[in-house]
Amino acid sequence: MNRKVLGFGVALVVPLLAILVVNLGRDPQRIDSPLIGRPAPPFSLAPVGGGEPLTLDKLRGRPAVLNFWATWCAPCYEEHPVLQASARTLGPDVQFVGIVYEDQEENVRSYLRSQGSAYPNFMDAGGRAAIAYGVSGVPETYFISPDGAIVDKFSGPLDARSLADRVARTRAARSASR
Amino acid sequence: MTPVLGRTLILLSLLAATAGATVSFAAARGRGQAAWDWSRRFAYAYAGLIVAANLLMVYALLARDFSVSYVAHVGSRSVPTWVAIVSLWSSLEGSILFWGFVLGVYVALAAWTNRARHLEYMPYAAGVWLSCAAFFSFLLAGPAQPFLTIASPADDGPGPNALLQNHVLMAVHPPFLYGGYVGFTIPFGLASAALLAGRLGQDFLRPLRTWLLVPWIFQTIAIVLGGWWAYEVLGWGGYWAWDPVENASLLPWLTATAALHSALLTERKGVLKGWTVTLVQASFLLTILGTFMTRSGVFNSVHSFTQSAIGPTILVFLAAATVFCVALLAARIDRLEAERALSPGASRDTMFLVNNLLFVLFTFTVLVGTVFPLVVEALRDKQMSVGRPYFDRMAVPIGVALLFLMGVGPALPWGRATAAQVRSALLPPAANGVLLALVGLAAGARNPWTLLTFFFGGYAAHVTLRELWLPVARRVRERGEGLARAVGEVQRQGRRRVAAYVVHAGAVVMMIAIAVSSTMGASREVQLARGESFELGHYTLRFLGAEVVREPHREATVARIEVSRAGRVLEIMEPAMNQYGNQREPIGTPAVRSAALEDLYLSVMNVDAEAQALGLHALVNPLVGWIWAAMFVMAAGSVFALVPVRRRPAEGAAAAEAVPAGAAASGS
């Protein structure tokens, strides 16, 4: 038995295997946003169909769900009914906001006509809001506390469960901040 | 019917592998020819069964038999035949099945070529091979079943991942990679057999080197093809990104390259036996680590298969294999005694040692950079990534040092040399190094590492060509042979040596091309309206317009760019942006114009067909084509090393001379 080889082998291999075991089951697609816990970046967005622009200040006092989406994105189509249903049940307690990323207003209007919408949608001209929030692709959803801080972010299509969990946490952030 | 037959074949292959492994280890203790015959029969049976299971799956994919779960998962009526066949390895279960196919072929070939040789080792080796085979058949029988029955099959399926359908290289890169990855099982078995038998004789080094070289060739080609694919398809303008899975394919290649060199020293001098065996074991373990990386969901990469439950199973296998290797090495390495001591000082022997240390250092550098983000996240719950700067800063000096050794090593004589010998061997090639560095300087190279690469590259090229030419010149001068005959005789008598220098020549070209392409290119990102143009290098590029092309599986927005040089129009290039139905983000298709000295590479950043606006990333990439060409030289050289030398009895004296060299080459 060569103890040097054994000791060296064990010293090399055990930490490597340990680190792989610890990391099993992690989601490599997840990217933490540096904005979580920070004040949400301000924006000014033109509503689809015209009207007063929306600014971040107008959302204060209620938890908000900002959903970045586009008509050309298939997963957005998938999550659309989930968001609508949730917006209808939560009603005025939670403000849902759709922000349209890289799209034509005409396409958005016909999309909303055929799919329906329970909350207002806004055009992100030049993708300025998307850049400020660090959107890496659509759909992507940000959860904003009543005092205007980003509580959480979700990349990809939301399912009912993930949405409900995050909305609950965003509402809890309200009681904590009071 | 097909799913049941498939499951039966897989269960039988599991049975054959398990029984075969048991019989082989039992046979190894008895060391009888009859016992070895039996373990070989099990190896053939395993190979036959798993190959049959693969053929059955290909049949099901071609017949669009959606009652087979894997076909329901990746098959589609709308894809062409070649995509249907390629689907075999496009998703998780199929890729494991294909692993079995490659392993089956390897095990059968390795058992057959050694059917009447190396009786004291072979049953051990077969036992190790079939143990690995049993594990992969177990995966197919349990956590990754491809042949589940779908009770009420659909009429059509979704087809494989869109990225895999968009370039023919995708059909070629995976089989080569499997030829490498899976193939390292064979030298692993042979090295384990040497440890289990407690000796590594000269005769057994031959199969070890041969079966190390075969997967090494596949791996070399696969790594470069992967880079080539990334370059032609992904559109960011480069070919290597230090992505975790690229690293995973590089790691075993590095240790295997080190092992090929140390095996040469073992063969010539009878030293470094334990070290060579350790490198072979490490190469195998790194392939399993790479397999874990692609299939566990722990690492993010273009290569990642969807999250699956087989990650933990592969990790258990990796842990078991690692424990086996460490325990075996610790228990037996002292029995593989060196036959004599290494000669100290400036000699080729010493350069081999330095070469090995550099390759191992390289391996550790890449391994640490790949795993480090996991360590940080586990300990501090903070995400981080290790990017290009780390890898480039570490890899460039090591690469340049290896290039230096490629020149200095072969220039030095074997064993002890006098100071005068060393001087006369080392000085003349420096002239050629200086010459090439001056050429680089004239071509505009200013990066010190690039200039150093030119210098060492010129040096190594001189030494390599001298080593190829000198024996030929000697025959012409001393025996008055014609040039063709002299070349023929030299390559017949020292085929492995000639082949090795051809591989070195390819490697020198590749390293220069990598240095030049990564430091001497030019690039611009511009926003253009229709009709606008801009200059890049000596090209003028004009945006002619963009149009939307609708295809069944995607919608492509194609930008038309007129490329001209000194007022003369060279070509209309058409980079595009594609939106696939099932993808979140659009995928670009770059356009590449390749010439002898440089590529013009155009990639769309954003394009609007309605507004006729284009954001374009344009690059001039010098010498990229030379990387692909150098790969063919390296591959051709190493395949040449495997071609057995045939005796020509009619030639009398010459044939008699060729026998010893021929015997050495045929086994290698």
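Good morning. A crossing of two helices is called left-handed if the near helix is turned anticlockwise from the far one by less than a right angle. With that term in hand, let us turn to the structure, which is a predicted model.

I begin with two helices of chain B. Helix H1 of chain B covers residues 2–30, and helix H2 of chain B covers residues 33–62. Their axes lie 8 Å apart, and the two helices pack at an angle of about 160°. Angles over 145 degrees count as roughly antiparallel, so H1(B) is roughly antiparallel to H2(B). The crossing of H1(B) and H2(B) is left-handed.

Next, chain B as a whole. Chain B contains 21 helices and 10 strands. Its radius of gyration is 27 Å, close to the 26 Å given by the globule rule for 668 residues, so chain B is as compact as a globular protein of that length. The C-alpha trace of chain B spans about 75 × 70 × 60 Å along its principal axes. Of the 668 residues in chain B, 49% count as buried.

Finally, I turn to chain A. Strands of a sheet pair through backbone hydrogen bonds, either parallel or antiparallel. In chain A, 7 strands form an open sheet with mixed pairing, in the order E2-E1-E5-E4-E3-E6-E7. Which strands stand at the edges? They are E2 (54–55) and E7 (150–155) of chain A; each has a single partner strand, so one side of each is left without a neighbour in the sheet. Strands E3 (residues 64–69) and E6 (residues 140–144) of chain A run antiparallel and are joined by 5 bridges. A:Ala64, for instance, has A:Ile144 as its bridge partner in E6(A). Thank you.

Definitions and conventions: Residues numbered from 1 in each chain as written. Chains lettered and ligands numbered in written order. Predicted model: local features only at pLDDT ≥ 70, side-chain atom pairs only at ≥ 80, totals over all residues. Helix = DSSP H or I, 4+ residues; strand = E, 2+ residues; numbered from the N terminus. Rg over C-alpha atoms; globule rule 2.2 N^0.38 Å. Buried ≥ 20, exposed ≤ 12 C-beta atoms within 10 Å, placed from the backbone. Pairing = 2+ DSSP bridges. Axes fitted to C-alpha atoms, helices over the stretch in contact; angles between N-to-C directions. Parallel < 35°, antiparallel > 145°, perpendicular 65-115°, else oblique.
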